[in-house]
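Here are my notes on this model, in numbered points. Please read them with the structure open.

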Amino acid sequence: CKILRCNSEYVAATLHLRGPGRGAAFCTALRSYSLCTRRTARTCRGDLAFHSAVHGIEDLMIQNNCSKEGPTAPPRPRPPAPNAQGFESLDICDYEQSFLYKHGRPPGFQHCAAFGDPHIRTFHDDFHTCRVEGSWPLLDNDYLFVQATSSPVAKGSNATVTSKLTIIFKNMKECIDQKVYQAELDNVPAAFQDGSVNGGARPGGSSLVIRERSPGRHVEIRAAYIGTTIAVRQAGRQLSFSIRAAEEVARAFTEEQDLQLCVGGCPRSQRMSRSPRGHGRVPAETARALCREMLPVEDVYFQSCVFDVVTSGDANFTMAAHGALEDARLFLPDAEKLHIFP
C-alpha cells in the first residue's frame, strides 16, 4: 500500500498554498491526491490511513467547492526521509504538516478566549462571565499550562479582570526547551522570561516564536510544533488571552487536570449574569452607545462590553471585547460560529 506516498505528494504540492486565495491550485492538488488514492485502492483496501485519506479528500473537495473534473497537478518529487524512521521523523516540529502526512487530512482546531471581566469563551463555544479572583488555570495539558490571575475591576466590585498571565510551553523532545511567558498590566513583553524569542537551541527551536504586533499591547506566540497560536493583549486595565489550538493538543489531559476554564468554563459558583444591575459607574445606555461603535452585532461580545463599561466606568473595555472578536475571526475554525447569541 503506497498511501503514504500519496499523502506526502499532496503535502509537498500544498505547502506553499495559504489563505483564501489558494483556490484553483488547491483544487488541482486535491484532484491529483484523489487520483493517487484511486491508483492504490486495490492494495490499500484494508488500510485505515487510506480510508481516512479518501474521506478527507471528499470533505476538502466540498469545503473548497472543487470540481471532481479538471486538471491534476504532476506530483512533486518526494523529499528524502532524514533517516530510517521515514515519514515519522519528517518535519516532526511542524505539527500541521506531520498530521497531514500521517492522516491524509489537516488537523481540526479549537478556539478559547478570556477577556474583560473576565468573560470566557470555551473550546466548546460556551460563554461565561466569571467572578473568579486569584489564580485560575485556563489550560493544563501535556503541552501547555496557562494561568490567569484576576483582581477586582474596582474597589468594592464583584467583577474581576485578568491582571497577570503565565504561559508555560512544556519541554518537547527535539523541538523546544521549556519556555515561560509572563505578562502583567503595563508589561506585555515580546520575549520569554529568559529573554529569548524562540524555542531555544534544539533543531526545532524556530517552531516556537514570539512576535510583537503592537508595542507593549499585543503579542502573538506561534507554536508550530503543536499547531497552536496564542494572542496576548492589554486594553485599558486588563489583559486578554486567545488561543487557536489543535484538537489533539487541547484534549491531551488526564482526569486529574479537570479544572481548565478553556475546557469546562467557570465553575457554577463563579458565574455571573451579564445583565448590568444596580448603579453602575456609567449609565447602561451610554455604555451601549460606546460598545455599538466597536461592536455593531449585539452578540455576547457586545453584551460583555456593555457589562464591563458599566461595571468599571472605563471606555477602554470596548477595545478588550473588540480585540477578542478580532482574534476569534482569525482563530475560529468555523467562521459561522463567530457570533454567539444568548
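1. Two strands count as paired if DSSP finds at least two bridges between them. By that rule β2 (residues 119–121) and β3 (residues 127–130) pair, because 3 bridges join them. The two strands run antiparallel. Ile 120 has His 128 in β3 as its bridge partner. Keep in mind that this is a predicted model.

2. The β2–β3 pair belongs to an open sheet of 8 strands. The order is β8-β9-β10-β11-β1-β2-β3-β12, with antiparallel pairing. β8 (208–214) and β12 (271–272) are the edge strands, and each pairs on one side only.

3. Next, the nonpolar core. The largest one has 45 residues. Leu 138, Phe 169, Tyr 181 and Phe 241 have the most contacts inside it. Strand β11 (residues 238–246) gives the largest share of this core, 5 residues.

4. Which residues does Leu 138 contact, leaving aside its neighbours within four places in sequence? Among them are Ile 120 and Phe 241. The list also includes Ala 114, Val 146, Leu 165, Gln 260 and Cys 262.

5. Overall make-up: the protein has 9 helices and 12 strands. Its radius of gyration is 23 Å, close to the 20 Å that the globule rule gives for 342 residues, so the protein is as compact as a globular protein of that length. Along the principal axes, the C-alpha atoms fill a box of roughly 70 × 45 × 40 Å.

6. Burial and surface: buried residues make up 50% of the 342. The protein exposes about 16600 Å², and carbon and sulfur atoms supply 50% of that area.

7. Contact range: of the contacts between residues at least 6 apart in sequence, 57% join residues at least 24 apart.

Key: Residues numbered from 1 in each chain as written. Predicted model: local features only at pLDDT ≥ 70, side-chain atom pairs only at ≥ 80, totals over all residues. Heavy atoms only, no water. Helix = DSSP H or I, 4+ residues; strand = E, 2+ residues; numbered from the N terminus. Core = buried A, V, L, I, M, F, W, Y, C linked by side-chain atoms within 4.5 Å. Buried < 20%, exposed > 50% of the residue type's maximum accessible area, 1.4 Å probe, protein only. Contact = heavy atoms within 4.5 Å. Rg over C-alpha atoms; globule rule 2.2 N^0.38 Å. Areas by Shrake-Rupley, 256 points an atom, 1.4 Å probe, with all protein chains shown as cover.
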